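User: Could you walk me through how to read a few features of a protein model?

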Amino acid sequence: MDFEFLAIDYRHPVFSVAMLLLVVAAVAILNHLLAASKKRRQERKLTRFLSRFDSAAQSKDYKALLISQPDSFNSLMLLADIYFKSAQYPESIHIYLALLEIVADKPRRVEAMTRLGRSYHRAGFFQRSRDILLESIKLSARNKEALELLLVIYEQTKEYRRALEVLDALEEIGEDYGRERSFIKIKIIENDPLLPPEKREAALLDLQKQDPRLFRAAFEFALEHDPKGAWLIIDEDRLIDALDLFWRAPKAYFNEEEALKYPLLRELYTAKGWINAAKESAIFELDALIKLGESKNIADLSFEYRCPRCMTSFPMPFLRCPNCLRAEIARVEPVLVKSAKNDGGNYDASANFY
Ligand SMILES: [Zn+2]
């Protein structure tokens with residue numbers, strides 16, 4: 001029997017084309033299987049990751065809504081934002097967690113992760129916030145909002161070296177973060193337990209020379225560790241930033257000869273009653289005290305610190321506004337108060353802020 005008809009002619013062009021198509025199809029199927037497996041792995045990883053954060057039970061209504069109406073992403077993001085703005089952080093967190101379980105689109109996931117990080121941060125969960133923000137940066141390295149919040153968190157947790165790394169990443173995006181960098185350098189110097197005070201002071205002065213906005217920090221440190229030297233580093237243009245420090249410094253630190261060189265200090269110490277070298281002041285509170293003359297001991301000054309960006313004021317000075325989280329030098333605003341010394345005790349109300 002002739003079986004020649006069953007023999008395959010390997011040199012036939014049709015066979016070569018068929019083989020090529022077969023290989024292409026095999027590669028396509030393999031690619032598809034690998035992609036599906038990678039997606040499943042990522043989903044499992046994310047589910048494990050998210051399960052560390054919160055009970056998914058409270059997110060189930062939002063998940064059901066997303067499954068039945070996949071186009072409800074924007075509405076839910078808006079709702080979460082409303083909850084966030086009214087300080088209902090747990091509710092906004094539930095929505096973002098639901099979104100992250102269902103939504104697969106990468107830009108949307110990055111947006112939801114960043115907002116989730118923001119809600120966790122406001123709710124006081126710094127570690128959760130940091131972890132989800134780092135996860136969002138893995139998906140999109142040029143995520144400015146996530147990097148800026150990460151910078152705030154590293155400052156708050158005193159991980160200043162990491163904060164500087166975040167600044168490097170932010171500056172690669174192309175914006176100037178010189179003010180933030182200077183503020184972090186101050187914190188590194190102030191918090192270095194191995195640096196002797198004189199070296200700390202020298203390092204702060206060096207920083208102040210590079211960035212005059214840092215006068216208050218350098219002066220405050222010098223006032224505490226080298227009160228005589230502090231008077232020699234005064235930057236007249238920045239005196240207003242340290243008005244409270246001059247007012248509260250003990251009389252033993254007072255250097256009349258140096259104070260008389262600066263009109264603002266002449267007004268301040270005349271208002272305080274330590275010298276008589278000014279008749280008036282453009283600052284209402286100082287002017288009022290100067291004009292009270294001999295009766296000035298019925299009043300005293302307290303201070304508030306206002307963010308020049310969002311205009312919120314706080315009882316403590318800051319280098320980053322606790323409200324809008326921007327790196328800013330607080331505006332020092334004097335407030336006239338009734339003197340505690342005149343209330344029958346020797347208690348100095350203005351000293352109560354530290
Ligand atoms: Zn602010």
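This is a predicted model: local features need pLDDT of at least 70, side-chain atom pairs count only at pLDDT 80 or more; totals for chains, interfaces and linings use all residues.

User: Happy to start with packing. At what angle do helix H2 and helix H4 pack?

Analyst: Helices are DSSP runs (H or I, at least four residues), numbered from the N terminus. Axes are lines fitted to C-alpha atoms over the stretch in contact, and angles run from 0 to 180 degrees between N-to-C directions. Here, H2 (residues 60-68) and H4 (residues 89-102) pack at about 40 degrees, with axes 8 Å apart.

User: Which residues of H2 and H4 meet?

Analyst: Two residues are in contact if their C-beta atoms, placed from the backbone, lie within 7 Å. From H2, Tyr62, Lys63, Leu66 and Ile67 meet His94, Ile95, Ala98, Leu99, Glu101 and Ile102 of H4.

User: Now leucine 239: why is it called partly exposed?

Analyst: A residue is buried with 20 or more other C-beta atoms within 10 Å of its own, exposed with 12 or fewer, and partly exposed in between. Leucine 239 has 19, so it is partly exposed. Across the 354 residues of the protein chain, 29% count as buried.

User: Where is leucine 239, and what does it touch?

Analyst: Leucine 239 lies in the loop between helix H12 (227-230) and helix H13 (243-248). Leaving aside neighbours within four places in sequence, leucine 239 contacts Ile234, Tyr262, Leu264 and Leu265.

Methods:
Residues are numbered from 1 along each chain as its sequence is written. Helices (H or I, at least four residues) and strands (E, at least two) are DSSP runs, numbered from the N terminus.
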